Amino acid sequence: MNQDLERRYLVVGVNGSAASYAALQWAAREAKLRETSLLVVRAWEDQAAAPYAPCARQRVWEEEGLAAATRLEQAVETTLGPASEIPVKVEVTRGLAARVLLDRAVDAGLLVLGCAASSSSGPVGPVARACLPHTPCPVVLVSQEQMGVPA
């Protein structure tokens, strides 16, 4: 494999589920092996406000987005430890999860997503199903059961 491709950053989607934390752990180990960085992404959908809603709703979204970013940073630190051995960037972005992840994966070496292996809706969730046909890079689906992450 081309060394430049191996060193491109990895993208991992984290939504707060145990499977997404398993994906984060897996992606961190893979980034270390590839000697590259990790972009941890959380898509934030604001389903309550219409485009014509008052600007007060925009301030609420900003507050909710900042709170989500803080929670994500804490989760990353808890999952990877306070002194991660790899460069990690954490990003909370407003938008549909699949679209946000696909946008971030354009220049990535790998997109890593969690999947619920024992889910009644099947092993691949709706975000992964939406991403798979359109990904600009390889995709790895990680099950929480494979990683031993408590629910």
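Which side chain meets Arg34 in a salt bridge? Select Arg34 and Glu30 to see the pair: their side chains form a salt bridge, with N and O 2.9 Å apart. Keep in mind throughout that the model is predicted.

**The whole chain**

Before going further, zoom out and show the protein chain as a cartoon. The chain has six helices and five strands. Followed from the N terminus, the elements run α-β-α-β-α-β-α-β-α-β-α. Switch to a surface view next. The accessible surface of the protein chain is about 8600 Å², and carbon and sulfur atoms hold 53% of that area. Of the 151 residues in the protein chain, 37% count as buried. Among contacts in the protein chain with a separation of 6 or more, 77% are between residues 24 or more positions apart.

**Stop one: helix H2**

Select residues 18-34, which make up helix H2. Arg34 and Glu30 both lie in this helix, four residues apart, or about one turn. Are these two residues buried or exposed? Arg34 has a relative accessibility of 18% and therefore counts as buried. Glu30 counts as buried too, because its relative accessibility is 16%.

Side chains of opposite charge can pair when their charged atoms come close.

**Stop two: strand E3 and helix H4**

Select Glu91 and Arg104. These residues form a salt bridge whose closest N and O atoms are 2.5 Å apart. The pair links distant parts of the chain: Glu91 is in strand E3 (residues 88-94), while Arg104 is in helix H4 (residues 97-104), and 13 residues separate them in position. Colour the two by accessibility. Glu91 is buried, because its relative accessible area is 14%. Arg104 has a relative accessibility of 22%, so this residue counts as partly exposed.

**Stop three: within helix H4**

Stay on helix H4 and select Asp103 and Arg99. Why are the two residues about one helical turn from each other? Asp103 and Arg99 are four residues apart in helix H4, so about one helical turn separates them.

Asp103 is partly exposed, because its relative accessible area is 39%. Arg99, with a relative accessible area of 47%, is therefore partly exposed as well.

Terms used:
Residues numbered from 1 in each chain as written. Predicted model: local features only at pLDDT ≥ 70, side-chain atom pairs only at ≥ 80, totals over all residues. Heavy atoms only, no water. Salt bridge = Lys/Arg side-chain N within 4 Å of Asp/Glu carboxyl O. Buried < 20%, exposed > 50% of the residue type's maximum accessible area, 1.4 Å probe, protein only. Contact = heavy atoms within 4.5 Å. Areas by Shrake-Rupley, 256 points an atom, 1.4 Å probe, with all protein chains shown as cover.
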